[in-house]
Amino acid sequence: MSYIIKNTNPFVSIKLTEKGREQLAQGKLNFSHWAIGDSELNYNREAIVDAATASGDGTLTGTTRIMRPFDKQPNFKSYITKSTDNTPYQDLTTANINVIKAVVNNAATERGFFTATGSSYTTNSTTTYVADSQIIASSGLTGGTSVILTSTSAITIGDIILIKLANDTSGTIVSDENTRPLPNLWFKVQDIPFSGTVTVDRTLPNYSAYSVDSQVLVYRGGEVYDSIATGNTTSYWDSGTLSFDSACDITCNDVPVWNMNNIWSEDLAGVTGLTTTKLYEDYTKYGSYDYLGQKLPYFDYLSEASASTTIDACAVAGTSYLDNITKSISVLHYTNNTISNLYGEFFYIDNANGKTLSIVMPDLMYHRRDYSTATGTTMGMRFLASGSTQYIADSDIEFIDLIEDQSYISSSATPMVVGRVYPQLKTVIIHNDEIVAATSYKSNRNWTLPALSATLAAPSGGTSTGVLAVGKTMYVTYSLENSTSSTGLTSSLPCQTYVKITNETVSAKDINFKLNETDLLPYMRKFESASYDGYGFYAKNFKLLYQIVDDASIRPSAGSWKEYDYTSTAITSVSGETIDPLLLENQSPITNGFILDSIIDASSTTFNLIPLLNMAPTSSPTDLQFGDERFFYGNLNTYIGATIYKTIFNIDVNASTYNTTSNTTRSKDLSTNPSNIKISEVGVYDSNKNLVCVGKVSTPITLAANTITIELSMDF
């Protein structure tokens with residue numbers, strides 16, 4: 001039992017009763033009558049207190065204590081009625097009831113793996129987030145699939161490890177740093193053959209020549225709500241036994257990070273052996289295949305061509321256009337076993353007043369950052385919700401574009417849309433294939449790559465008669481590779497942004513290609529350069545990947561991509577050295593020799609991704625695979641909102657009319673000068689006169705020679 005805390009202002013504590021909740025659940029709740037009562041008043045006491053107050057005696061000024069309304073609120077024990085009408089129930093009309101809609105908002109707690117200090121971020125490496133954190137000698141990374149650690153006592157098979165790589169030029173790693181652009185690569189612990197050594201899913205970089213230290217962070221595998229949480233995140237009661245958890249706090253536990261599932265709807269370029277023997281896993285075996293229904297149809301990301309996705313209507317004849325089929329998306333969601341509604345009813349976005357949602361990815365080397373090529377010295381990227389509310393076709397599902405933060409890119413660049421924010425669903429989708437690739441554990445890179453562009457060209461003559469026949473379409477992308485036999489980084493996932501070019505002329509054509517713009521390789525370095533600072537990434541080989549299909553509506557086959565190595569001194573400056581990114585992005589295909597003709601096509605080979613990334617065989621389903629991502633390695637900031645519907649009951653009570661009570665403590669003999677009738681409770685009843693809503697006042701309301709208005713406000 002509890003009482004209303006005294007309030008100096010008029011205050012009504014109101015509650016929907018158990019009967020009201022039952023009627024609401026059955027869809028039968030209605031408000032038809034009202035009544036007032038004084039069940040908890042002792043009028044003998046009221047007379048004594050009133051007399052003392054009138055005489056100036058301040059020792060008896062305490063007002064009657066009134067109990068709060070309860071969930072299983074019984075009906076009133078005594079009613080105040082009209083002297084001319086013994087029924088306590090008065091009709092509610094439309095004039096008595098108003099409904100008001102109000103939206104409230106508040107800033108949510110920033111959640112993620114990083115702590116912000118100004119514009120820089122530090123990795124949270126406490127036991128809440130990581131199973132283990134170690135500083136290891138970079139020289140212990142010798143290629144192969146085994147790595148020597150300082151200890152394996154806190155590591156289990158299935159854990160995910162992040163290696164922050166440092167080299168002698170960059171200098172030793174700073175524990176938990178996320179400012180200097182260094183390779184951050186993910187691996188899965190496949191085995192612990194003996195203490196101090198773990199076996200991972202694919203070939204590690206060979207840093208054996210370096211004398212500095214790198215860092216290893218160990219994260220638990222599995223779902224976020226099982227591996228990264230503070231305390232017990234199960235429901236605060238057990239529905240079978242009503243066994244309450246601790247003090248039954250509604251918001252007692254928290255999961256401090258966001259979930260992420262990367263979903264693919266087609267096989268990656270270069271996964272061979274899928275047509276008959278199925279030696280390697282196709283996309284139906286990827287880790288988040290069970291989320292495919294979210295990609296399509298729910299979020300309406302097409303997985304195959306339609307009439308509107310064949311040839312870009314805005315494309316210039318003879319030039320390439322972006323493949324507008326979304327091969328992959330990242331779904332960022334907050335899924336855990338707590339009943340706490342930590343993000344309210346929806347994301348509140350009001351850009352006009354600076355209230356938006358943003359995601360920060362501190363360890364992403366983003367190719368559109370505001371640096372010139374080869375000069376990026378700070379990594380990290382921020383994306384935010386911006387623009388007007390839009391709707392998925394034929395639905396009322398709202399979304400707002402997720403775009404690049406203008407302050408992170410060139411001031412002359414227009415922010416690019418990379419995803420969507422769904423405020424109603426409290427979900428963020430990243431649909432930029434390159435960002436999805438950079439967040440994938442298996443991709444061997446934490447950097448994004450720019451797309452190519454291509455144009456049709458007249459055949460060069462001689463034995464070249466044109467590589468792209470009339471009416472055919474070519475898909476084009478590229479791979480930056482390193483040799484696994486030499487010291488340094490290994491190869492990574494090819495660029496996931498495909499461009500297409502269709503030959504709509506009257507004769508076969510060759511293809512000229514280039515990077516689509518300059519200054520889109522801020523984190524790429526030439527390893528042998530005198531100005532090499534040890535940052536970013538590098539590559540020894542540039543390979544064009546392409547595939548010709550009969551028409552623009554046909555998707556490329558994963559095992560039918562061709563590759564040709566265009567590495568030459570035109571892009572390395574010195575034979576055998578790494579690529580100079582400034583030369584690579586030269587906008588003249590002729591200068592770089594970036595021409596695909598029928599002669600080169602005849603000497604090209606089938607591209608095979610499997611040895612580059614040690615792709616998972618069908619026979620080893622526990623090996624790390626694309627789609628195995630479970631947490632968003634970044635921070636999310638947002639405002640949360642809730643819509644409040646207030647039902648307001650305005651009840652007018654005329655003191656001269658309501659002058660009778662069934663309360664047995666008040667004398668019916670007016671000659672005894674009983675105290676004024678006082679209201680302590682107000683009830684709202686349905687059409688069957690069931691008490692469905694009850695209000696209790698903190699201080700009883702005196703009915704003297706007046707008319708009072710009682711306002712009850714119920715939030716829904």
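F114 and Y633 are both buried, where buried means under 20% relative accessible area with a 1.4 Å probe and protein chains only. The model is predicted, so local features need pLDDT of at least 70 and side-chain atom pairs count only at pLDDT 80 or more, while totals for chains, interfaces and linings use all residues. Residues are numbered from 1 along each chain as its sequence is written, and side-chain values use heavy atoms, with hydrogens and water left out.

The whole structure holds 46 aromatic pairs. Rings of Phe, Tyr and Trp (its six-membered ring) pair if their centres lie within 6.5 Å; planes under 30 degrees apart are stacked, over 60 edge-to-face, and the rest tilted. One of these pairs is F114 with Y633, which is edge-to-face. It links distant parts of the chain, 519 residues apart: F114 lies in strand β7 (residues 114-117), and Y633 in the loop between α10 (610-613) and β33 (635-637). Helices (H or I, at least four residues) and strands (E, at least two) are DSSP runs numbered from the N terminus. For Y343 and F347, the angle between the planes is 85 degrees, so this pair is edge-to-face as well. Y343 and F347 are both buried.

| Pair | Centre to centre | Angle between planes |
|---|---|---|
| F114 and Y633 | 4.9 Å | 75 degrees |
| Y343 and F347 | 6.2 Å | 85 degrees |

Ring pairs also join F113, F114, Y129, W186, Y219, Y441, F631 and Y633 into a cluster.

Three strands make an open sheet in the order β25-β28-β31, with antiparallel pairing; two strands pair if DSSP finds at least two bridges between them. β25 (452-457) and β31 (595-596) are the edge strands, each with a single partner, so one side of each has no neighbour in the sheet. Strand β28 (residues 510-515) is joined to β31 by two bridges, and I511 stands opposite L596 in β31.

The largest pocket has a volume of about 930 Å³. A pocket is an open set of points on a 1 Å grid over the protein atoms alone, where a 1.4 Å probe fits, with protein on both sides within 12 Å along at least five of seven lines; lining residues have an atom within 4 Å of a point. The volume is the space filled by probe spheres set on the points. The lining has 39 residues, of which L322, D323, V417, N432 and T497 lie nearest the centre. β23 gives the most to this lining, with three residues.

Conventions: Buried < 20%, exposed > 50% of the residue type's maximum accessible area, 1.4 Å probe, protein only.
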